[in-house]
Amino acid sequence: MHTAGGWETRLHRVQGIMATKKLRRAKLSQELCERLSRYQITTCQDFLCLSLLELMKVTGESYRNVQKLLRKVSLACAPKMQTAYEMKVRRSINPSAAFLPTSLHSLDKVLHGGIPCGSLTELTSPPGCGKTQFCITMSVLATLPVSMGGLDGAVIYIDTESAFSAERLIEIAGNRFPTYFDSDEKLFCMTRSIHLYRELTCDSVLKRIKSLEEEIISKKIKLIIIDSVASVVRKEFDTKLQGNLAERSNFLARGASLLKYVAEEFSIPVILTNQITTSLSNGLAIPADLVSPAHDLSLSEVTGASGSGKKESACVTAALGNTWSHSVNTRLILQYHDLLTRQIVIAKSPVAPFSTFFYTVEKSGLVLQDGKNLSNLPWEGTNPALQTIQVRNTALGNALLKTTDETPGDTPSP
Amino acid sequence: MQRDVGSLPLSPALRARLLAAGFQTAQELLETGPCGLSKEIGISREEALEALQVVRQECAGDAAKTAGGSGSTRKCTALELLEEEQTQGFIITFCSALDNILGGGVQLTKITEICGAPGVGKTQLCMQLAVDVQIPECFGGVAGEAVFIDTEGSFMVDRAADIATACVRHCQLIAEAHQEEDHLQALETFSLESILSHIYYFRCRDYIELLAQVYLLPDFLSEHSKVRLVVIDGIAFPFRHDFEDLSLRTRLLNGLAQQLIIIANDHKSAVVLTNQMTTRFGQNQSMLVPALGESWGHAATVRLIFHWDNTQRLATLYKSPSQKESTIPYNITPQGFRDVQPPPVTQNAEGTEMNPRKRPRREEEK
């Protein structure tokens, strides 16, 4: 879809945050800066990427002096040190600022508070499971006052699928917090704080992410949602074409590091949604055909594609590849369980073990079914990048085949 | 003294002038003196004096090396090395199976690399090590401090606090059982606050900040001489995107590796790096391999690969100069990085045994 030439012009040289700092601001002498600029060395990045011998040549200084210069430039770029204790103290001064509770109490408890601030949380699921519902609910929650568990701030909602519905927003708010949203005034005030952006290409999404820093300050944003990353990426990158896989990883990695910077700098949560793909046991991933979920599980089609004639086991997992799985800090999976109930799974979290919860989608959004027995779980925690996700067909199949035997103490089959 | 002028660490321009004037050895320079030098080459007397001081220092350093002096020399016999290695500290991981295959734990003065899929427990082990390095000597630790360089933002203070609390509790149980004077004394200073205060955290957001921080690390370690562990969590992340010039990337990574080896040796610290896995496409299949390419594989002395087997986490010792390649299972519990618990005997007798490889889902008693 994109030729190598087209992307070359877009992927200009690495622009780190500190890297573009000009050497003048690293407290090097004026004449040295002028001398270096003749060799096209103007930023700290240019300086630090050279070897010692090259630096001796361009600066004309001795080995020892060059080392001193290196230290000076490094001091200008290096991050500040904090001890873990200082970080803990800072967090305990403002404990509510560390998490955004999801109002699903069992989930919040296991997550040690809720969606963590300052890191990326990914929500993956097959279509129709409730991703957008969850995102809309989180938007409402972020605007609530701190006393009710919210962040008392505005929300940036980047919508790439045109799935956001303002009416559903009001319905969820009114049904979930009827005592708080008791007047139209309050509802409109809340809707005014949710800033919706429709971005339909990778480029515009990236541009929007870059503009976030200023918007967060001016609009007092406390939550960023991108729904969804996968749809816009899969439209433009076809991993079967040569070179597209690397380009896609590049785009995702850049987006991830920009978002991480913003999340950490302002200590706010960032929620990203993802889609599903079919992963064969030999590792090749075929984008799941979202129009017809039946294709996800059609083994014959899959073996035909690989051409080997052998029956390979295929499973549905989160899309966007292995590198993306590394970039997000928390991964929540929504999947089908049976006709009505679905499951929310904590597949990757630095603070929580692998856990599942049952829920249904109702007028007030997602509602946990706490009474349900967890020991019927057919899936166990494994590699978050390969965690299998149950799509609608398997759920229906299971519901029809399953016995109604739900006694506790059943050890789940491995 | 007979050192060639061309090999002296003077500025290139000065070196060129000296060679053009016909100087060949360092001795000639020293014999000429600053005034004579300045007249002959046409530089100021101050510059000449500076150059001679550099030359003198170099030669003094050379002489010390040939006389077998200590400090910057790296020459010793294998016996001395054996004695050193046997008294070498190890940082335990609290998972005895892992410590066993590593030969005692994470070794000081060596670079250990941990590769693994996302979510398998690399950062958990790093946080565990940052706490374990501080265990007092009377409990079998190295009583050191830790530097934690984070490039991915995965360090969670609350989690580190949980791991530290569990470690302190573990030491308290040992002290209660043995009732020795030095145990109780050590416990007075070994607390949650002191552990967290001795983890020095740096957040590097791109590869330039990482390079800069590693350049500054020797100075930092000289000021904080008790540091025995340097963790770089996510050596791969800053180098994996936006690098069209792969040869530059290789060069920078090699430079980093060299600097880390020097740091590990000079400051008697363990260096632990975590790496990601990447997909490599073969003929008909793809497989996961450690990221950053083949040449990076040479950087680390010890390489561990963490992976999954269904629901069990496994650690494989992939590369080690002294230990055999082997694989062991491990668990991540609320207390941190631990062994897999063997099944309790009573349940076996009943015939309904618990699968020992399952990760406990409920909170264990603390």
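In this predicted model, the lining of the second largest pocket draws at least two residues from each of three elements: helix 6 (84-93) and helix 13 (244-266) of chain A, and strand 5 (199-203) of chain B. The space in the second largest pocket amounts to about 920 Å³. Its lining comprises 30 residues, and those closest to the centre are A:Q82, A:M87, A:R90, A:E264 and B:Y201. By residue class, the lining of this pocket holds 16 nonpolar, six polar and eight charged residues.

Chain A also contains an open sheet of nine strands with mixed pairing, arranged in the order 6-5-7-8-4-12-13-14-15. Strand 6 (194-198) and strand 15 (365-368) form the edges, each pairing on one side only. From one strand to the next, the twist averages 25°.

Within this sheet, strand 4 (residues 120-124) of chain A is largely enclosed by the rest of the structure, because five of its five residues are buried. A:L120, A:E122 and A:T124 point one way from strand 4 of chain A, whereas A:T121 and A:L123 point the other way.

| Strands of chain A | Bridges | Direction |
|---|---|---|
| Strand 4 and strand 12 (residues 330-336) | four bridges | parallel |
| Strand 14 (residues 355-362) and strand 15 | four bridges | antiparallel |

Individual residue pairs can be named for these pairings. A:E122 has A:L272 in strand 8 of chain A as its bridge partner, and A:L123 stands opposite A:L332 in strand 12 of chain A.

How values were computed
Residues numbered from 1 in each chain as written. Chains lettered and ligands numbered in written order. Predicted model: local features only at pLDDT ≥ 70, side-chain atom pairs only at ≥ 80, totals over all residues. Heavy atoms only, no water. Pairing = 2+ DSSP bridges. Axes fitted to C-alpha atoms, helices over the stretch in contact; angles between N-to-C directions. 1 Å grid on protein atoms, 1.4 Å probe; cavity = no way out; pocket = protein on both sides within 12 Å on 5 of 7 lines; lining within 4 Å. Points joined across faces, edges and corners; volume = space filled by probe spheres on them. Nonpolar A, V, L, I, M, F, W, Y, C, P; charged D, E, K, R; others polar. Buried < 20%, exposed > 50% of the residue type's maximum accessible area, 1.4 Å probe, protein only.
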